[in-house]
Amino acid sequence: MNESDYERLLRIQTVGMREWKYQSSHYNRYEATPYDVLKVLFEAYEWQRVKGLVDFGCGKGRVPFYVHHFHHISVTGIEMSGQLYQQSMENLMKYTERAKPTRASISFECCLAEEYKIGPQEDCFYFFNPFSTPIFQKVVHNILESLEDHLRTMDIILYYPTSDYIEFLERETVFELWKEIHIPKHYEENGNERLMIYRSKL
């Protein structure tokens, strides 16, 4: 399946990029995770153990819709842009018209990532370089606070990870590298074309 096939299947529109009108050193442009990357993650990750996924910087919602459709897992998309949030809600209306009934929920919130309160059932967190390292650190600290309140195994999934993200997780947190997944055909050209999954130590 190509990008258009997935969009038709899910009844959503998530293609394209978006640069911010007012450039910020803390927030990166919107660019959806390619579907072929999500397919690789689908085949390599233990989705059956996940109770709740949070996608930080979800944009128009591609990752939440994909995970909800194929894995029937409760998902929440966090997006600071009011316009992108509105587009995710429009996609949600079209998606739910034909989505199969499931107990898993799908929702979106318009807020800053560092202000989102991690729920006790949320145990998997996805990042495609949505913001600067200082904001990433604040979000991870929120994740760790939730871990202290409700002990459970937690995973952080990084796509196209920066060295600063990796260094922070490995040097200053209880997260350890669980699996590194190279994206076929792309990794040889660009070493950042990979998924890195970090798991909390209990």
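Helix α1 is followed by R11, a residue whose phi is positive, near 60 degrees. Please keep in mind that this is a predicted model. At the other end, where α1 starts, N2 places a side-chain oxygen within 3.1 Å of the backbone nitrogen of S4.

An α-helix has 3.6 residues a turn, so residues three or four places apart point the same way.

## A closer look at L10

L10 belongs to helix α1. Its relative accessible area is 1%, and because buried means under 20%, L10 counts as buried. Leaving aside residues up to four places away in sequence, L10 touches Y35, F65, Y66, H69 and Y95.

For a sense of distance, take L10 and F56: they are 46 residues apart in sequence, and their C-alpha atoms are 20 Å apart in space.

## Helix α2 and the cores

In α2, the buried residues are Y35, V37, L38, V40 and L41. They pack against helices α1 and α3, and also against β6, β7, β8 (175–182) and β9.

The largest nonpolar core has 32 residues, and L41, Y45, F65, Y126, I157 and L195 are those with the most contacts inside it. Two or more residues each come from α1, α2, α3, α4, β5 (106–110), β6 (124–127), β7 (155–159) and β9 (194–200). The largest share of this core, five residues, is given by α2. Apart from this core lies another, of 27 residues, with I78, C111, M154 and L169 among them.

Not counting residues up to four places away in sequence, Y45 touches V50, C124, D155, I157, W178, I197 and R199.

## A pocket beside the helices

What is the volume of the second largest pocket? It is about 160 Å³. The residues lining this pocket are L9, L10, R11, H68, H69, H72, Y95, R98, A99, K100 and T102. At least two residues of the lining are supplied by each of α1, α3 and α4.

Notes. Residues are numbered from 1 along each chain as its sequence is written. This is a predicted model: local features need pLDDT of at least 70, side-chain atom pairs count only at pLDDT 80 or more; totals for chains, interfaces and linings use all residues. Side-chain values use heavy atoms; hydrogens and water are left out. A polar contact is a pair of N or O atoms within 3.5 Å; within protein, one must be able to donate a hydrogen and the other to accept it, and residues adjacent in sequence count only if both atoms are side-chain atoms. Helices (H or I, at least four residues) and strands (E, at least two) are DSSP runs, numbered from the N terminus. A nonpolar core is a set of buried Ala, Val, Leu, Ile, Met, Phe, Trp, Tyr and Cys residues joined through side-chain atoms within 4.5 Å. Buried means under 20% relative accessible area, exposed over 50%, partly exposed in between (1.4 Å probe, protein chains only). Contact means heavy atoms within 4.5 Å. On a 1 Å grid over the protein atoms alone, a cavity is a set of points where a 1.4 Å probe fits but cannot get out, and a pocket is an open set with protein on both sides within 12 Å along at least five of seven lines; lining residues have an atom within 4 Å of a point. Grid points are joined across faces, edges and corners, and a volume is the space filled by probe spheres set on the points.
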